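Please read the points alongside the displayed model.

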Amino acid sequence: MKKKVLAAFLCAAMTASLFAGCGNDNSGSDSNGSTGNDASSTEAENSGGGDEQEASSGTTANKDKPLVWFNRQPSNSSTGELDMAALSFNDNTYYVGFDANQGAELQGTMIKEYIEKNIDSIDRNGDGVIGYVLAIGDIGHNDSIARTRGVRKEMGTAVEADGDINSDPVGTNTDGSASAVQDGTIEVGGKTYTVRELASQEMKNSAGATWDAATAGNAIGTWSSSFGDQIDIIASNNDGMGMSMFNAWSKDNKVPTFGYDANSDAVAAIAEGYGGTISQHADVQAYLTLRVLRNALDGVDVDTGIGTADDAGNVLSDDVYKYNADERSYYALNVAVVGDNYQDFTDSTKIYDPVSSQLDEGSHARKKVWLDIYNASDNFLSSTYQPLLEAYDDILNLDIDYIGGDGQTESNIVNRLGNPGQYDAFAINMVKTDNAASYTSLLSQ
Ligand code: BGC
């Protein structure tokens with residue numbers, strides 16, 4: 001039987017941190033514009049405490065149990081340098097995410113191609129300047145940094161800093177004088193247009209939650225009232241923030257918004273003028289997250305059911321993921337979702353066909369896993385990633401305790417790993433990528 005986090009606990013935590021809205025309240029007052037299908041609103045059965053039977057791995061020390069980091073790669077949040085101590089905590093430790101640079105380039109290219117295709121209507125006030133605003137998720141998160149860089153690179157607005165593209169928010173830059181970006185140019189049909197990042201900001205709310213959809217909705221209100229028809233494009237580091245800006249302003253004003261994640265609501269909105277999004281192949285990532293644990297628990301090669309078919313026929317082809325052995329990291333590959341292919345992506349919670357065959361419980365005995373989602377209200381993780389995990393945990397015979405964090409403090413999550421001895425394996429989504437030691441120190445005790 002699957003166990004879920006106690007909704008009441010989360011509700012209390014959210015109230016304490018001034019978040020309104022618990023359970024299924026989708027009023028939009030939660031931090032990330034959650035669609036409500038998250039750890040806080042799934043059936044409540046278990047608090048993640050130590051009240052159940054012991055792990056079946058018996059005498060295995062916690063420090064030797066399989067561990068997977070996912071979605072937030074252990075790394076220095078200022079420099080991006082990988083935390084190899086955390087990534088190689090034991091022989092069965094891995095990271096699962098997606099190729100942030102490949103996806104970021106795709107997002108930039110998707111926007112550029114849209115401009116080229118719609119050049120006749122894109123410059124709304126006809127001043128020869130194509131203006132865009134940019135919603136930044138978390139200035140210390142690799143994915144967010146890569147996406148900001150990818151957009152700036154393709155728009156020609158990038159400026160170098162310390163050997164890489166500057167990813168700092170500019171605040172407001174209507175006159176083109178900001179130092180973190182420059183004016184770019186784009187040539188279409190023999191005419192040269194200026195491209196300007198009119199404004200950008202990290203969407204962090206007053207309680208500290210990042211990638212905050214409500215903050216993005218407010219920001220577009222401010223930006224549009226101060227420089228309305230100068231805004232020709234909205235770029236967002238993710239769909240949660242993108243959809244909030246789309247619903248608040250860009251849909252009515254017919255300004256294309258581009259996001260990332262291919263959440264179902266964003267894909268559906270493409271029919272109503274949302275410019276496009278990027279699928280980070282969450283279906284493949286969720287599978288890999290649990291698959292590396294399953295393989296370690298079965299004592300088989302880590303490639304089983306990944307690059308090599310397992311006994312049920314599950315296997316991934318190398319056009320959907322890559323493995324970097326030095327980084328001990330699996331990266332899913334990204335796909336652009338736009339007007340002409342969005343119909344293929346309408347359900348972001350659909351599992352990936354090539355890895356959808358049930359494992360036999362006789363040869364893959366049920367195991368207990370502790371798994372946390374850093375922020376139970378994160379739009380992508382709650383509406384796309386967790387439903388996929390819940391589908392794969394059945395297929396892979398894993399009993400998972402899903403713990404939903406508050407998105408702000410590591411202690412809110414770590415405190416709920418009171419009895420690691422109860423579990424056979426761990427799947428961790430940190431609040432801050434620098435904080436791996438908060439978890440590994442607990443497992444080392
Ligand atoms: C997603 C964001 C999400 C973040 C959480 C990113 O990969 O694109 O939507 O908020 O992960 O860590």
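1. Basis of the note. The model is predicted, and local features need pLDDT of at least 70, side-chain atom pairs count only at pLDDT 80 or more, while totals for chains, interfaces and linings use all residues. Residues are numbered from 1 along each chain as its sequence is written.

2. Strand β18 and its partners. Helices (H or I, at least four residues) and strands (E, at least two) are DSSP runs, numbered from the N terminus. Strand β16 (residues 367–373) runs parallel to β18, and three bridges join them; two strands are taken to pair if DSSP finds at least two bridges between them. Val-369 has Ala-425 of β18 as its bridge partner. Strand β2 (residues 67–70) is likewise parallel to β18 and joined to β18 by three bridges, with Leu-67 opposite Phe-426.

3. Burial of β18. In a regular strand the side chains alternate between the two faces of the sheet. In strand β18 (residues 425–428) both faces are covered: Ala-425 and Ala-427 are buried on one side, and Phe-426 and Ile-428 are buried on the other. A residue counts as buried if 20 or more other C-beta atoms lie within 10 Å of its own, as exposed if 12 or fewer do, and as partly exposed in between, with C-beta atoms placed from the backbone.

4. Strand β4. How many of the residues of strand β4 (residues 129–136) are buried? Seven of the eight are, and the strand is mostly covered. β4 pairs with strand β9 (residues 191–202) in the parallel sense over eight bridges, and Ile-130 stands opposite Val-195 there. Strand β10 (residues 231–236) also runs parallel to β4, with five bridges joining the two; here Gly-131 is opposite Ile-231.

5. The β8–β9 hairpin. β8 and β9 pair in the antiparallel sense over five bridges, and Val-188 has Lys-191 in β9 as its bridge partner. The two strands form a hairpin with two residues between them, and Gly-189 in the turn has a positive phi of about 55°. Ile-186 is found in strand β8 (residues 184–188). Ile-186 counts as partly exposed because it has 18 C-beta neighbours inside 10 Å. Ile-186 and Ile-130 are 56 residues apart in sequence, yet 9.0 Å apart in space, C-alpha to C-alpha.

6. Helix packing. Two packed helices are described by the angle between their axes and the distance between the axes. Axes are lines fitted to C-alpha atoms, for helices over the stretch in contact, and angles run from 0 to 180 degrees between N-to-C directions. Helix α6 (residues 213–227) and helix α7 (residues 239–250) pack at about 45°, with their axes 8 Å apart. They are therefore oblique to each other (angles under 35 degrees count as roughly parallel, over 145 as roughly antiparallel, 65 to 115 as roughly perpendicular and the rest as oblique). For helix α9 (residues 282–298) and α10, the angle is about 50° and the axes are 9 Å apart, so this pair is also oblique. The crossing of α6 and α7 is right-handed, as is that of α9 and α10; a crossing is left-handed if the near helix is turned anticlockwise from the far one by less than a right angle, and right-handed if clockwise.

7. Gln-386 and Asp-372 are 14 residues apart in sequence and 9.9 Å apart in space, C-alpha to C-alpha.

8. Positive phi outside glycine. Lys-254, in the loop between α7 and β11 (257–258), has a phi near 55°, a positive value in a residue other than glycine. Lys-254 counts as exposed because it has 9 C-beta neighbours inside 10 Å. Asn-397, in the loop between α10 and β17 (398–404), also is not a glycine and has a positive phi of about 55°. With 20 C-beta neighbours inside 10 Å, Asn-397 counts as buried.

9. The ligand shell. The residues around the ligand include Asn-71, Arg-72, Asp-143, Trp-211, Tyr-260 and Phe-380; a residue is near a molecule or strand if its C-beta atom, placed from the backbone, lies within 6 Å of it. The shell divides into four nonpolar, four polar and four charged residues. Ala, Val, Leu, Ile, Met, Phe, Trp, Tyr, Cys and Pro count as nonpolar, Asp, Glu, Lys and Arg as charged, and the others, Gly among them, as polar.
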